Amino acid sequence: CAFNDEEVVTFKSDKTADDPTARQKVASDKLEDLSSTLKGLRELSEEMAKAAGILSENGDRLAEMGHYLEGAKKTASDMQQSLHEIDRSVKKLEADQQSQTQEEAMPISALLW
């Protein structure tokens with residue numbers, strides 16, 4: 001592991017530069033800090049991977065839901081067309097029945113005059 005220039009200068013100007021035990025302690029502390037940082041990063045990356053998995057699963061569920069909603073929308077549209085056809089047929093039957101009733105009523109009214 002290499003130190004950048006600033007750390008080297010700081011390390012050389014430190015009082016511990018001539019004391020091998022002190023240098024070992026400083027290096028050990030820095031390695032411990034680095035280890036702790038890497039452990040934290042690993043834990044965060046695991047959490048992010050879990051979150052990505054959850055988002056992916058939710059995305060898949062939403063896509064599936066969208067597929068079902070599109071099917072339901074098409075079925076509703078088909079049903080609406082069928083209902084319009086039924087409505088037209090019922091109106092035609094009512095009109096035919098009313099026309100037939102008027103035709104049957106005419107001779108009776110003609111007799112009454």
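1. Lys92 is exposed, at a relative accessible area of 55% (exposed is over 50%, buried under 20%, partly exposed in between; 1.4 Å probe, protein chains only). Its partner in a salt bridge is Asp96, with the closest N and O atoms 3.4 Å apart (a side-chain nitrogen of Lys or Arg within 4 Å of a carboxyl oxygen of Asp or Glu). Asp96 is partly exposed, at 40% relative accessible area.

2. This is a predicted model, in which local features need pLDDT of at least 70 and side-chain atom pairs pLDDT 80 or more, while totals for chains, interfaces and linings use all residues. Residues are numbered from 1 along each chain as its sequence is written, and side-chain values use heavy atoms, without hydrogens or water.

3. The structure holds five salt bridges. One of them joins Asp29 to Lys25, with 2.9 Å between the closest N and O atoms. Both residues are partly exposed: Asp29 has a relative accessible area of 30% and Lys25 one of 49%.

4. Lys91 and Asp87 also meet in a salt bridge, at 3.4 Å from N to O. Asp87 is partly exposed, at 35% relative accessibility.

5. Asp29 and Lys25 lie four residues apart in helix α2, about one turn (helices are DSSP runs of H or I, at least four residues).

6. Leu31, Leu34, Leu38, Leu41 and Leu44 form a nonpolar surface patch with about 480 Å² of accessible area together (Shrake-Rupley method, 1.4 Å probe; patch residues have over 30% relative accessible area and no salt bridge, with nonpolar side chains joined within 5 Å and like charges within 9 Å). Leu38 is found in helix α2, residues 20-112.

Note on methods
Helix = DSSP H or I, 4+ residues; strand = E, 2+ residues; numbered from the N terminus.
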